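Subject: Structure for you to look at

Hello,

Here is the structure I said I would pass on. My notes on what was found in it follow below.

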Amino acid sequence: MTDQLTRRQLLERAAVGGAAITIPGILAACGSSGTSASGTTVEHTLAKTLHFSNWPLYIDTKGQTFPSLVEFQKKFGVHVDYKQDINDNASFFGKIQGQLRRGQSIGRDIIVMTDNSRYPSLLVRKGWVEKLDKSAIPNIKNLVSVQRHPAWDPNRDYSLPWQSGFTGIAFNDKISDPVLSIDDLFGNPKLKGKVTVLNEMADAMSLVMLSNGDDPAKVTDQTFNKALAKIKKAVDSGQIRQFTGNDYAPLLAKGDLSAAMSWSGDIPQLADPHVHWNLATDGGDTWTDNMLIPTGGNVYTASVYMNYVYNPQVQALMVAGDPKKKIVGIYYIPPVIGAKEVALKVNPSVANNPLIFPTQKMLDNVHLFDPKALNNPKYLAAWQNLISA
Amino acid sequence: LGFFHRHRGSTPYLLLAPGLLFLGVFFLVPLGFLAYQSLQSGTIDFGYSFTWQWSNYWDAMTNYKHQFIRSFVYAGIATLIALVVSYPVAYWIAFRGGRWKNLLLLGIVAPFFVTYLIRTLAWETILADHGLVVNTLRNLHLLGILGQNGRILQTSTAVVAGITYNFLPFMALPLYVSLEQIDARMIEAAEDLYASKLHAFLRVTLPLSLPGVVAGTLLTFIPAAGDFINAQLLGSPENHMIGNVIQSKFLELTDYPAAASMSFILMFIIVVFVLLYARAVGTEQLTG
């Protein structure tokens, strides 16, 4: 009897053990192509397809096609499966974190996430992204110097910037005088109920802290609470109508809003002559979207693509477009040295737009939000309570 | 077939099996995971561990009671309005629709051909500050009563209007089905027995249509209470519902235990509500 029981136990355990060994194996086999997650040896052969997830309206277009990707395929024989499926950092992270946590590939070789959210640094800390193959990216020398050593990835081992932008204030001149400061935005009775604030903590808090004379790069409980109270007061008084992502833009053009906290690239894309964008007089904040290779992505192919977009010729075309070839650019701020010089020849009107190639004065007036504050659960919870309760 | 003959007793179970399996795999198992998660503690950075963290429930109820209450108030008002609006419509289609019945029903369902998000965004245009609706209300001096700060968008009125509109077909269709099934001869009989039109309606038509009312109110109220899109797009932070809080806990804060416990509380309140409602109107109305 005891013999029988132990034999049964043995069989049960063998079955459980077998399942434990094979299930991850099967799951891994079901995942996408690409090199193994451990990645000690990097293959130097290009994959047939590069799986690339990016934000909408964030690449050069010609009608329904993406010229820079077409060109990449011509040059390297790699088809780019380009998905515009990242709408905000948090929900995209929510979608991919389950698989990454189990060590599975998410079927993407490049994803793009913003450094003023906590997610790029979280991905690096968790080990959910692959190291770049820098031997395949000689063009990394073209990376602008301010972007070379972010606190969350000091040597750019895991990430390269895609594009950057500023956060400032936009207003509609049909229904409002120029709105140039946070104090005006929050205090001018003429704007009551016609103002929105961005729902990203780093963007909103940076601008409000600067208006308080505090440094958003070094957040303390005191400066955080002071800024939070200032926003709350404007919510309670009815001055602030809503917290938004980039859905504020059409409301601003329509005239339901007089002014809004706003991302720089949204306004050139809106192309409404009555909507103007400025850095706040007390200063603005800047952020950068970063290309990352999630676990299981094809490191070599992704690195070759990164090298391609860091070629100033390619970058200039992507950012500024080319009116002669009917290519429309991204209109955000490129991280590549030399792109402006090329763009000046091809599309001078865009290249001279300070929202795309900002002036030194603007660059001196923008700040980075404290990366430690981004990961402070107390701050995150307080912020979410303010905007969703 | 021989198999079924030999195991005749088990046939009902075999027929039920696919449905039960589906419910088990796609409802009960995830529900179990959710319950497990709701009692965990920790953060995404350091991982979550199961610690029987009952305080998640207590925190959710104390910190977000306003959002819970608001959800049920908004859902309740929206359900009532949907009932009052769609009953006459369903009645008219059922008894007077004639050969246009199908076309009229299609008219009720037609908005469903457009995605939920787009339908809700359309209300941003309909209720725009300088749009036709708001200007008309302003001229009729009703804006002060319905709106707030001279606008409708980003007020509770807009949120309730959005919910009512989005869930109206869930109310109208069951009402139509139950009204359609009423034998017109019963109403004739009531009138033959000297009941006035009003009496015949109150004593015959209305009670016979109750299963539709019950089904319609439940189908409207339950999803409406958990909705967050309308409050997100048409409301301001003061109008946010518990769905918004759960959404933000799940996706923005990655505080899965808190979000899971809130989902459970919401589910519990709805189940209690359905039981009380069923008790009040009688269970036979639920099953028709």
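**Two loop residues with positive phi**

In chain A, the loop between strand 11 (327-328) and helix 12 holds A:Tyr331. Please keep in mind that this is a predicted model. The phi of A:Tyr331 is near 70 degrees, a positive value in a residue other than glycine. Most residues other than glycine have a negative phi.

B:Thr254 sits in the loop between helix 13 (242-252) and helix 14 (256-281) of chain B. Is B:Thr254 buried or exposed? Its relative accessible area is 2%, so B:Thr254 counts as buried.

**The second largest pocket**

Helix 12 of chain A comes up again here, as the source of the largest share of the lining of the second largest pocket, three residues. The volume of this pocket is about 960 Å³. Its lining is made up of 37 residues, and those nearest the centre are A:Val144, A:Val146, A:Gln147, A:Thr286 and A:Leu363. Elements of chain A that give two or more residues to the lining include strand 4 (159-172), strand 9 (284-292), helix 12 (339-346) and helix 14 (360-364). By residue class, the lining has 21 nonpolar, eleven polar and five charged residues.

**Nonpolar cores**

Which residues touch the most other members of the largest nonpolar core? They are A:Trp162, A:Phe186, A:Met205, A:Ile231, A:Tyr305 and A:Trp383, in a core of 111 residues. Helix 10 of chain A (residues 299-309) gives the most to this core, eight residues. Another core lies apart from it and has 33 residues, including B:Ala60, B:Ile163, B:Val214 and B:Ile270.

**A strand pair in chain A**

Strand 5 (residues 195-198) and strand 6 of chain A run parallel and are joined by four bridges. Within this pair, A:Val195 stands opposite A:Ile240, which belongs to strand 6. Strand 6 covers residues 240-244, and five of its five residues are buried. As a general point, side chains in a regular strand alternate between the two faces of the sheet.

That is the end of my notes.

Regards

How values were computed: Residues numbered from 1 in each chain as written. Chains lettered and ligands numbered in written order. Predicted model: local features only at pLDDT ≥ 70, side-chain atom pairs only at ≥ 80, totals over all residues. Heavy atoms only, no water. Core = buried A, V, L, I, M, F, W, Y, C linked by side-chain atoms within 4.5 Å. Buried < 20%, exposed > 50% of the residue type's maximum accessible area, 1.4 Å probe, protein only. 1 Å grid on protein atoms, 1.4 Å probe; cavity = no way out; pocket = protein on both sides within 12 Å on 5 of 7 lines; lining within 4 Å. Points joined across faces, edges and corners; volume = space filled by probe spheres on them. Nonpolar A, V, L, I, M, F, W, Y, C, P; charged D, E, K, R; others polar. Pairing = 2+ DSSP bridges.
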